[in-house]
Amino acid sequence: MTDVEENVHLKDPGDAESGACKPETSGPTREDMSSPKDHPSRRCTSYVLSVTGLIDTVNDVSKLSKEIGMNHDFHMEEKVLPPSSLEGRVKETMHNAFWDHLEEQLLATPPDFSCALELLKEIKEILLSLLLPRQNRLRSEIEEGLDMNLLKQEAEHGALDVPHLSKYILNMMTLLCAPVRDEAVQKLENITDPVRLLRGIFQVLGLMKMDVVNYTIQSLQPQLQEHSIQYERAKFQELLNKQPSLLDHTTKWLTRAAADLSTPPPSCPDTPDSSSVVCPSPSEAANSPEPLSPKMVLSQGFLNLLLWDPEDEEFPETLLMDRAQLQELEAQLHQLTILASVLLVASSFSGSVLFGSPQFVDKLKRITKALMEEFKSRPEEEAMLTVSEQVSQEIHRSLGNLGLAALSSDNTASLIGELQNITRKENCVHSVIDQRIHLFLKCCLVLGVQRSLLDLPGGLTLIEAELAELGQKFVNLTHHNQQVFGPYYTEILKTLIPPAQALETELGSL
């Protein structure tokens with residue numbers, strides 16, 4: 001997505017008009033801002049064409065508005081090129097050449113102001129673009145203070161005062177910028193070199209433009225979300241009218257979810273740390289099955305998508321456009337399972353002293369996350385050998401720094417051995433952590449992310465921040481999907497849940 005990483009509150013330019021320039025409330029939107037506007041093969045050719053048409057059409061027209069509607073923290077970002085990349089080096093070289101050329105022009109005798117005038121003209125346009133239509137006085141001030149005809153005459157006579165104009169621009173930026181940019185503008189005031197100052201002004205103005213764009217997006221989010229919902233549903237209905245079997249896989253998906261809920265759950269894993277996992281015995285589940293409800297079936301269905309077999313071509317049609325994002329969430333869930341498992345095993349060997357230090361835990365997490373990137377290029381079990389060695393070394397180093405006894409050779413060998421086996425699904429720790437993360441995600445769908453974080457299952461507290469991010473993404477995706485395809489799900493679920501049972505569940509929830 002898109003690289004301003006802060007959600008900013010803009011100063012109200014209306015207040016700036018009257019002299020008050022420091023309110024923390026949000027403010028401007030641009031008047032001329034308009035709202036922005038993988039899948040498996042199928043056995044039937046017409047079915048392929050229908051689903052492909054849905055994906056291509058909706059993705060082309062409303063992908064951005066859908067992303068904005070689903071993600072309340074969505075924000076546009078300035079693209080930052082890696083300095084080591086060819087494109088990054090070329091861009092940096094060109095920029096340096098331009099600013100070096102400007103410096104040569106200003107130091108020439110007599111000075112050449114041609115480049116400076118072009119820069120001032122662009123700065124003026126940016127400042128004007130940050131104004132609201134009602135800010136006529138500020139608009140007049142900028143037009144007068146940066147009158148290009150007058151500035152050209154001054155340049156022709158060698159009297160263009162670049163430092164004075166830069167100070168005027170900084171004062172105007174102070175009025176118009178968001179509070180989060182105050183510090184950056186203040187730092188510019190300490191720069192005396194005119195070329196460095198102009199370069200800094202352009203950088204901060206770029207951030208200010210992005211702030212306005214992101215504020216406008218936030219303002220339009222409800223409208224964009226509603227537009228995306230209505231548009232996707234209408235396009236899907238058009239295809240459904242032409243292809244009545246377009247909901248067959250969706251029906252099978254929900255049927256499977258209802259069957260999963262009707263099946264007695266397995267007994268708790270026989271592990272020392274499973275005491276905090278609350279699950280009924282098979283006999284209890286069989287004697288008192290929980291009544292099905294549409295919300296429960298949908299929640300189970302969404303959870304099943306995170307365990308979907310890539311070879312299974314019967315992916316629900318209503319979620320085809322979200323399949324790539326679901327696969328990303330599945331990969332993120334897998335990495336969190338391994339991360340939490342590594343931390344749990346490491347804590348059992350190193351004791352509470354080390355894991356009572358947030359700094360140590362954060363460092364261990366950073367090491368593990370960085371090394372897990374190797375999963376993309378080599379087998380997981382091979383990569384875990386490096387993880388286990390690095391984690392073991394960090395534990396030894398930290399114990400030594402605190403003057404505590406080092407792990408014995410037997411304990412070190414056991415630690416490394418257990419960590420190497422973490423990626424295996426049959427591994428007890430991996431299995432328990434995986435079940436608990438799925439339990440957490442199910443709670444997120446039913447109770448919401450914040451309430452679910454209040455009572456995390458054992459072994460997950462050390463990855464609370466990562467779980468919150470994963471849970472929020474999952475909830476945003478499923479919530480948007482339900483808003484779009486809710487009417488279709490309702491009709492399907494009527495055939496899966498007996499009316500009396502559905503009514504009983506509804507009355508119980510009331």
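**Ground rules.** I am working on a predicted model, where local features need pLDDT of at least 70, side-chain atom pairs count only at pLDDT 80 or more, and totals for chains, interfaces and linings use all residues. Residues are numbered from 1 along each chain as its sequence is written, and side-chain values use heavy atoms, with hydrogens and water left out.

**Overall.** I looked up the secondary structure and found 21 helices and zero strands. These are DSSP runs numbered from the N terminus (helices H or I, at least four residues; strands E, at least two). Of the 510 residues in the chain, 43% are buried. Buried means under 20% relative accessible area, exposed over 50%, partly exposed in between (1.4 Å probe, protein chains only).

**Aromatic pairs.** I found 10 in the structure. Two rings of Phe, Tyr or Trp (its six-membered ring) pair if their centres lie within 6.5 Å; planes under 30 degrees apart are stacked, over 60 edge-to-face, the rest tilted. Phe 98 and Trp 99 are edge-to-face, at 5.1 Å centre to centre and 80° between the planes. Phe 98 is partly exposed at 32% relative accessibility, whereas Trp 99 is buried at 8%. Next I checked Phe 355 and Phe 360: their ring centres are 5.4 Å apart and their planes at 75°, so this pair is edge-to-face. Both residues are buried. I also noted one aromatic cluster of Phe 236, Trp 253, Phe 302, Phe 485, Tyr 488 and Tyr 489.

**Salt bridges.** My search of the whole structure gave 17. The criterion is a side-chain nitrogen of Lys or Arg within 4 Å of a carboxyl oxygen of Asp or Glu. Glu 466 and Lys 365 meet at 3.1 Å, N to O. This pair links distant parts of the chain, helix H20 (residues 464-496) and helix H15 (residues 358-372), 101 residues apart. Both Glu 466 and Lys 365 are buried.

Which residue does Lys 473 meet in a salt bridge? It meets Glu 469, at 3.2 Å, N to O. Lys 473 is partly exposed at 35% relative accessibility, and Glu 469 is partly exposed at 41%. Finally, I logged a network of salt bridges linking Lys 363, Glu 394 and Arg 397.
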